[in-house]
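Subject: A structure for you to explore

Hello,

Here is the structure I promised to pass on to you. Please open it beside this email, so that you can look up each residue as you read.

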Amino acid sequence: MEVSHSSLIRSQLVVLFLLGSNASFSCTVTNANQISPDNSLPVKIFGHISCCLGKERILQWNRTQDLTVVQQLTSGVRYFEAQVAAYSSTGDFRVVCGLYGDELSSCMSKINSFLDVHEKEVIILDINKFYNMNDILHMKLLSIITHSFDDKLCPYETGGDVSLSSLWAQGHRVIVIYHNDIVNEYDNFWPGDAIFYHPRLTSISPPDLLCQLETNLKNATEKKLFKCVRGVVSFSNRMCLLRLPSSRKREISSIVTPEITSWLKDKSRAEIPIITVDFVNLSNFVRHVVQRNTLDSEELLQGPKTCMNGKHIE
C-alpha cells in the first residue's frame with residue numbers, strides 16, 4: 001500500500017484495490033493441533049473417530065493459504081481475515097480454520113514487525129467470527145490487540161477520512177474490525193457493520209460465484225465504509241466427503257482463483273475496494289491486484305481520452 005502517485009495517496013482507503021486473503025492465518029494450522037469449534041458436528045465426529053487421518057482430511061479441506069503471514073505481507077496482502085477461539089487448555093486465543101492454529105498474538109506480532117519496517121503501509125484486520133467466547137474473554141482479547149498495536153490503531157471516529165495521507169499524518173497504521181457489540185465501548189476498534197461482504201450467500205461453484213458477484217455489484221445499495229468481495233467457493237460436507245482424498249486447493253481454489261483474476265480485469269477500484277481469495281499465490285493474483293492501483297492511478301492522471309472531434313472515449 002506504499003504508493004507514489006499523489007492521486008492514490010489522497011484517495012479514500014475505501015476506493016483503493018486492497019488485496020486480501022481468505023482465512024488469512026489458516027497457514028498456521030497443522031494436523032498436529034486439535035479439532036477446532038468452527039466445524040459442524042458431523043465433521044467433529046469424523047475427525048475424532050478417524051484420528052490422524054481425519055485431522056489430515058480436515059486440514060486439506062479447510063486450509064486456504066500456503067504463504068506464511070510474513071510472505072503474505074511481503075507479497076502485498078493488506079487485508080487479513082481471522083476467526084478466533086478461546087483455547088481452554090491454555091487460556092490464550094488462537095486462530096481457527098477446521099483445526100487450531102497459532103495464537104492470534106503471534107500473527108499480530110508479525111504484522112506489527114512488518115509495519116515497524118515499512119512505515120507507510122496500512123493493514124486492515126477483520127476478526128469476524130468468535131468461538132468459546134464471553135464478554136470477559138472479549139475484553140481480554142481486545143486488551144491483547146490494543147497492546148499489540150498500541151498507537152498504530154486507527155480510531156473508528158476517524159472513519160470520515162481514511163485516506164492514506166490522513167492515516168500517515170496521524171501515525172495510524174492498523175484498522176481492526178471486530179464483529180461483536182462489545183466493541184462499541186472501545187474507540188480504537190471498528191464495528192462489524194463497517195464492512196459489507198459480497199456475495200452474501202455461500203457459493204457452491206465458480207459459475208454460481210461469478211453470477212452472484214455480478215448480481216450483487218449491479219444491485220449494491222449498502223453504504224458501508226468498506227466493501228469486501230469474496231472470491232471464494234465452499235463445498236458442502238457431502239461434496240467434500242465424496243472427494244475426501246483430494247483437497248480444497250485442488251478441487252476448488254486452483255479453479256476459482258484464476259477465474260476471479262480474469263473477472264477482475266474490467267472492474268474498477270470503486271466497485272471492488274477489497275478482494276479476497278484462497279491461496280493468493282495462485283495465477284499471479286497478487287501481481288494483478290497490485291498493478292491495478294498503479295494503472296488506475298495513471299488513468300486518473302492522464303484524464304479522459306478524446307478522439308478527433310473532441311468527444312470523450314468511454
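Below is what I found in it, from the whole chain down to single residues.

A word on the source comes before the findings. This is a predicted model, in which local features need pLDDT of at least 70 and side-chain atom pairs count only at pLDDT 80 or more, while totals for chains, interfaces and linings use all residues. Residues are numbered from 1 along each chain as its sequence is written, and side-chain values use heavy atoms, with hydrogens and water left out.

**The whole chain**

Of its 314 residues, 52% are buried. Buried means under 20% relative accessible area, exposed means over 50%, and partly exposed is in between (1.4 Å probe, protein chains only). Contact here means heavy atoms within 4.5 Å. Among contacts between residues at least 6 apart in sequence, 74% join residues at least 24 apart.

Helix H4 (residues 104–117) has 14 residues and reaches 21 Å from its first C-alpha to its last, close to the 20 Å expected at 1.5 Å a residue. The expected span is 1.5 Å times one less than the number of residues. Which residues of H4 are buried? They are Leu104, Cys107, Met108, Ile111, Asn112, Phe114 and Leu115. Seen down the axis of H4, these buried residues fall within an arc of 160°, so they line one face of the helix. The arc is that of the directions from the helix axis to the C-beta atoms.

Two of those names come back at Ser148, which is found in helix H5 (residues 135–149). Leaving aside residues up to four places away in sequence, Ser148 touches Met108 and Asn112. Ser148 is buried, with a relative accessible area of 18%.

Now turn to helix H7 (residues 206–219). Its 14 residues should span 20 Å at 1.5 Å a residue, and its end C-alpha atoms are 20 Å apart, which agrees. The buried residues of H7 include Leu209, Leu213 and Leu217. Down the axis of H7, the buried residues fall within an arc of 160°, so they line one face of the helix. They pack against strand E8 (195–198), E9 and helix H9 (248–263). The face turned away from this buried side carries the exposed residues Pro207, Lys218 and Asn219.

**Aromatic rings**

How many aromatic pairs does a search of the whole structure find? It finds eight. Rings of Phe, Tyr and Trp (its six-membered ring) pair if their centres lie within 6.5 Å; planes under 30 degrees apart count as stacked, over 60 as edge-to-face and the rest as tilted. The rings of Tyr178 and Phe189 have centres 6.3 Å apart and planes at 70°, so this pair is edge-to-face. Tyr178 is in strand E6 (residues 174–178), and Phe189 is in the loop between E6 and strand E7 (190–191). Both Tyr178 and Phe189 are buried.

For Trp190 and Phe226, the ring centres are 5.7 Å apart and the planes are at 50°, so the pair is tilted. Trp190 lies in strand E7 and Phe226 in strand E9 (residues 226–231), 36 residues apart.

Happy exploring!

Technical notes. Helices (H or I, at least four residues) and strands (E, at least two) are DSSP runs, numbered from the N terminus.
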